[in-house]
Amino acid sequence: MGTIFDELVAEYPVWWIDVLGEHNHIGGIEATRWLLARARLSPGAAMLDAGAFVGAAARLAARETGARAVAADINRDFLAAGRSMPGGELVEWVTASNARLPFRDGSFASVWCLDSAVVPKELTRVAAPGATLCLCCEVPVDGRGGMEAFLQEWEALGWRLVAHKPLSLEATEAWRRAENLLVRHRPRFEERYGKRGYLFALDTLADLVRAYEYGERGHGLFVFERTGR
Ligand SMILES: C[S@@+](CC[C@H](N)C(=O)[O-])C[C@H]1O[C@@H](n2cnc3c(N)ncnc32)[C@H](O)[C@@H]1O
């Protein structure tokens with residue numbers, strides 16, 4: 001018999017689940033651990049995993065730090081699967097959009113958003129003074145000040161950058177591996193996504209590989225601290 005995650009994979013034939021797995025972001029579990037080491041979580045501290053999928057980060061944080069983790073996502077099936085996975089009983093599961101989080105201002109000591117919809121004002125609203133913000137996200141890599149503008153947007157909301165790890169190379173390699181996988185196992189993935197779905201996934205991955213190889217897109221991990229401004 002397969003695991004709960006295998007059952008979810010069987011039910012959701014989508015490339016990003018196949019390619020990225022349970023820790024569904026660039027860098028996988030190592031990236032989650034890199035952020036966890038810098039999130040300053042302690043037993044009982046409230047942590048929000050926004051756009052959590054199966055809440056891999058929330059479950060790991062709850063198990064390893066004793067934090068009171070909340071996993072939120074727009075898809076309740078993902079949350080239901082996460083709840084039944086190891087550590088799921090330690091986490092609170094909430095169906096919600098990152099654009100409108102059902103939490104009071106300043107509820108969380110650490111706010112996470114890993115390769116999901118980043119909504120800066122809403123993520124900031126739910127963060128307590130002194131909170132940390134952990135992001136795994138695309139970042140502008142252009143030579144026209146895109147990265148500076150990205151950081152300035154967070155600074156204007158009262159955040160100070162405390163740690164950064166570039167992941168553009170990892171992202172390029174992840175999308176290349178994924179494209180290769182889909183090409184090598186075409187019959188399997190055509191059956192899984194349908195012919196049109198397969199070609200769409202392949203086009204999406206080819207576009208991602210090209211954009212990362214040309215330096216048009218970049219990726220990174222960021223830890224910010226709320227200065228209370
Ligand atoms: C690539 S997965 C990342 C999942 C998770 N953060 C992780 O790192 O394992 C993106 C997730 O974001 C969720 N999502 C997309 N848009 C969202 C939104 N506006 N609000 C909340 N969740 C969203 C999707 O349902 C999906 O589970």
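Biologist: Is the crossing of H9 and H10 left-handed or right-handed?

Modeller: This is a predicted model, in which local features need pLDDT of at least 70 and side-chain atom pairs count only at pLDDT 80 or more, while totals for chains, interfaces and linings use all residues. Residues are numbered from 1 along each chain as its sequence is written. Helices (H or I, at least four residues) and strands (E, at least two) are DSSP runs, numbered from the N terminus. A crossing is left-handed if the near helix is turned anticlockwise from the far one by less than a right angle, and right-handed if clockwise; the crossing of H9 and H10 is right-handed.

Biologist: Which residues of H10 make the contact with H9?

Modeller: Two residues are in contact if their C-beta atoms, placed from the backbone, lie within 7 Å. H9 contributes Phe189, Glu190 and Tyr193. From H10 come Lys195, Gly197, Tyr198 and Ala201.

Biologist: What is the orientation of H8 relative to H10?

Modeller: The axes of H8 (residues 168–184) and H10 (residues 195–213) come within 9 Å and cross at roughly 150°. H8 is therefore, relative to H10, roughly antiparallel. The handedness of this crossing is left-handed, and the orientation asked for is roughly antiparallel.

Biologist: In what order do the seven strands stand in the sheet?

Modeller: Two strands pair if DSSP finds at least two bridges between them. E3 (92–95) and E6 (159–166) each have a single partner strand, so they stand at the edges. The twist averages 15° from one strand to the next. The sheet is open with mixed pairing, and its order is E3-E2-E1-E4-E5-E7-E6.

Biologist: Which residue of E4 is the bridge partner of Asp49?

Modeller: E1 (residues 46–50) and E4 (residues 108–114) run parallel and are joined by three bridges. The partner of Asp49 in E4 is Trp112.

Biologist: How many residues surround the ligand?

Modeller: A residue is near a molecule if its C-beta atom, placed from the backbone, lies within 6 Å of it. The closest are Asn24, Gly51, Phe53, Leu114 and Ser116. The number of residues that surround the ligand is 19.

Conventions. Axes are lines fitted to C-alpha atoms, for helices over the stretch in contact, and angles run from 0 to 180 degrees between N-to-C directions. Angles under 35 degrees count as roughly parallel, over 145 as roughly antiparallel, 65 to 115 as roughly perpendicular and the rest as oblique.
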